[in-house]
Amino acid sequence: MVDFKMTRDGLVLVVRDYQNLEDVLNAISTRVTQMGDFFARGDRIALMIENHVKHSQDIPRLVAHIRGLGLEVSQILIGSPQEVSEKTMKVEVRNVVEGVGKIVKKTIRSGQTVIHSGDVVIFGNLNRGAEILAGGSVVVFGKAFGTIRAGLNEGENAVIAALDLQPTLMQIAGFVSHAKGQEGVPSVAHVKGNRIVIEPFDKLDFERSD
Amino acid sequence: MGEVIVVTSGKGGVGKTTITANLGCCLAKLGEKVCLIDADIGLKNLDIVLGLENRIIYTLIDVVNGKVSPQEALVRHKIMKNLFLLPASQIATKEMVSPEDMKAIVKELSPNFDYIIIDSPAGIERGFRNAVTPASKALVVTTPELPSISDADRVVGLLENFGFSDERIKVIINRFKPHMVKKGEMLTAEDIRHTLSLEIIAVIPDSEEVIVASNTGVPVSLNGSSKIAKNFENLARRVRGENVPLENDFETFSKGFITTLKDFFSKLKRG
Ligand SMILES: Nc1ncnc2c1ncn2[C@@H]1O[C@H](COP(=O)(O)OP(=O)(O)O)[C@@H](O)[C@H]1O
Ligand SMILES: [Mg+2]
């Protein structure tokens with residue numbers, strides 16, 4: 001159920017798709033104990049969770065559990081365990097905003113991450129260095145400067161909207177963009193013709209060009 | 001029970017120690033009984049800035065090791081008789097102190113003081129947790145440049161993780177240079193407040209007086225002829241809950257800048 005893999009980026013704890021979180025937590029404890037003094041307190045590992053979107057609400061508990069065993073999770077790898085490679089997407093884990101539902105009523109600060117399997121709505125800003133990982137769409141009622149990854153579950157029908165859309169990076173399903181919206185104009189980013197387009201909220205055209 | 005305030009920042013060298021020392025002096029001048037705790041081992045320690053380095057007998061480590069009580073380790077200031085310092089140890093590493101130790105020490109000191117102010121390491125450094133755990137309020141110091149503000153934002157996120165609500169976190173803008181705002185080279189207080197979504201409690205100008213003072217061991221706020229002393233007094237009064245308009249922080253600047261500052265402040269009010 002859980003195993004360690006050695007990669008170029010260091011040690012990765014791979015968690016296979018699972019039914020019961022408690023079983024996984026126990027398995028991690030056992031595995032870390034088995035490895036004995038291989039680890040020193042505070043060692044950093046990466047975490048890969050198969051089908052992470054389905055389990056995204058468990059990520060905070062997994063990270064906390066691993067930390068409880070004296071290890072730090074430095075990043076979460078997204079992709080399939082078969083391809084722990086350059087192709088996998090890496091998400092730096094600094095501090096996951098706890099108790100995240102669909103709606104977050106605060107500004108997400110540099111170093112904070114919001115992870116949710118469905119849609120995410122933020123009432124506040126998404127500051128530079130902050131990140132959202134959403135299975136569905138993302139709406140920011142504020143200024144969005146950080147990184148937004150949407151549609152990780154729902155695919156390219158997901159949209160990203162913000163009152164001011166100036167993200168460092170946007171991702172919708174497999175599409176990535178560094179584009180920014182017109183400053184101060186509420187805008188929506190969506191996938192159209194195999195790329196991400198940004199349109200002002202009042203000139204929105206969801207129709208596919210292909 | 002004294003109020004426990006931590007002075008922290010995202011990155012080092014932005015003025016935490018300077019502000020801790022001067023805030024302590026000003027609160028003491030206003031009649032408060034103040035204890036400063038040095039939880040950071042930086043280049044210029046709190047003891048040096050206060051001119052107390054030659055009076056240290058015991059340090060935080062001696063208290064943690066149970067050699068002396070927290071009260072016994074305190075050093076009284078030469079001029080301000082109601083200002084005390086609990087010094088940091090230069091040799092001991094920060095891992096020798098735990099957040100629980102700090103909590104216990106602060107709890108023991110707190111009934112004897114109106115304010116306990118902790119000079120903290122920057123958020124990225126070891127020892128940050130020790131400094132933050134016993135505090136109920138935080139002052140985050142930043143300079144008005146984007147990287148410093150982004151680091152401040154990160155430390156605010158960390159403080160939130162430690163259970164600080166945003167009302168208990170205030171921002172101090174230090175080393176503010178009005179002529180750079182005029183030229184558009186520096187962020188205004190409005191920009192900073194928008195980015196951090198937090199209240200700004202003080203704006204402190206960049207001043208040579210600070211550097212000169214830190215070399216003599218007499219904080220600027222104890223120097224009668226210092227102009228910047230007023231800024232620290234304003235900060236101290238606001239910490240006490242007095243209503244001192246932020247506008248007053250700009251009285252220090254020379255007349256030539258008045259237009260810029262008016263503009264700066266009107267933006268601030270609108271925001
Ligand atoms: N407002 C200011 N104007 C000029 N110099 C300052 C000011 N505040 C701090 N400094 C100087 O900056 C340096 C770093 O300040 P310090 O208080 O030691 O920072 P920190 O404790 O955050 O590391 C010191 O040399 C100090 O004298
Ligand atoms: Mg310092």
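Student: What is the strand order in the open sheet of chain B, and what is the pairing?
Tutor: This is a predicted model, to begin with. The open sheet of chain B has eight strands in the order S3-S4-S2-S5-S1-S6-S7-S8, and the pairing is mixed.

Student: Which strands stand at the edges?
Tutor: Strand S3 (75-76) and strand S8 (200-205) of chain B. Each has a single partner strand, so one side of each is left without a neighbour in the sheet.

Student: How do S2 and S4 of chain B run, and how many bridges join them?
Tutor: They run parallel, with four bridges joining strand S2 (residues 34-38) to strand S4 (residues 83-86) of chain B.

Student: Which strands does helix H11 of chain B lie across?
Tutor: Helix H11 (residues 229-239) of chain B lies across S1, strand S5 (115-119), strand S7 (169-176) and S8 of that chain. Relative to S8(B), the helix runs at about 170 degrees.

Student: And the chain overall? How many helices and strands does chain B have?
Tutor: Chain B has 12 helices and eight strands. Of its 271 residues, 55% count as buried. Taking contacts in chain B between residues at least 6 apart in sequence, 76% join residues at least 24 apart.

Student: Helix packing next. At what angle do H7 and H9 of chain B pack?
Tutor: About 35 degrees, for helix H7 (residues 146-161) and helix H9 (residues 189-196) of chain B, with their axes 10 Å apart. The crossing of H7(B) past H9(B) is right-handed.

Student: Which residues meet there?
Tutor: From H7(B), Ile149(B), Ala152(B) and Asp153(B); from H9(B), Ile192(B), Thr195(B) and Leu196(B). By class, that contact has four nonpolar, one polar and one charged residues.

Student: Are Glu131(A) and Arg149(A) buried or exposed?
Tutor: Both Glu131(A) and Arg149(A) are buried.

Student: Where in chain B does Glu3(B) sit, and where is Lys137(B)?
Tutor: Glu3(B) is in strand S1 (residues 3-9) and Lys137(B) in strand S6 (residues 137-142) of chain B, 134 residues apart. Glu3(B) forms a salt bridge with Lys137(B), with the closest N and O atoms 2.9 Å apart.

Student: Why does Glu3(B) count as partly exposed?
Tutor: Because its relative accessibility is 22%, and buried means under 20%. Lys137(B) is partly exposed as well, with a relative accessible area of 33%.

Student: Which residues are linked in a network of salt bridges?
Tutor: Glu32(B), Lys230(B), Glu233(B), Arg237(B), Arg240(B) and Glu242(B). Within it, Arg237(B) forms a salt bridge with Glu242(B), the closest N and O atoms being 3.0 Å apart. Arg237(B) is partly exposed at 23% relative accessible area, and Glu242(B) is partly exposed at 30%.

Student: Now S16 in chain A. How many of its residues are buried?
Tutor: Six of its six residues, so the strand, residues 187-192, is mostly covered. Ser187(A), Ala189(A) and Val191(A) point one way from S16(A), while Val188(A), His190(A) and Lys192(A) point the other way.

Student: Which strands does it pair with?
Tutor: Strand S13 (residues 160-165) of chain A pairs with S16(A) in the antiparallel sense over three bridges, and Ala162(A) stands opposite Ser187(A). S16(A) is also joined by six bridges to strand S17 (residues 195-200) of chain A, again antiparallel. There His190(A) stands opposite Val197(A).

Student: What about the hairpin of S16(A) and S17(A)? Which residue takes a positive phi?
Tutor: Gly193(A), near 55 degrees, in a hairpin with two residues between the strands.

Terms used. Residues are numbered from 1 along each chain as its sequence is written. Chains are lettered from A and ligands numbered from 1 in the order in which they are written. This is a predicted model: local features need pLDDT of at least 70, side-chain atom pairs count only at pLDDT 80 or more; totals for chains, interfaces and linings use all residues. Side-chain values use heavy atoms; hydrogens and water are left out. Buried means under 20% relative accessible area, exposed over 50%, partly exposed in between (1.4 Å probe, protein chains only). A salt bridge is a side-chain nitrogen of Lys or Arg within 4 Å of a carboxyl oxygen of Asp or Glu. Axes are lines fitted to C-alpha atoms, for helices over the stretch in contact, and angles run from 0 to 180 degrees between N-to-C directions. A crossing is left-handed if the near helix is turned anticlockwise from the far one by less than a right angle, and right-handed if clockwise. Contact means heavy atoms within 4.5 Å. Ala, Val, Leu, Ile, Met, Phe, Trp, Tyr, Cys and Pro count as nonpolar, Asp, Glu, Lys and Arg as charged, and the others, Gly among them, as polar. Two strands pair if DSSP finds at least two bridges between them.
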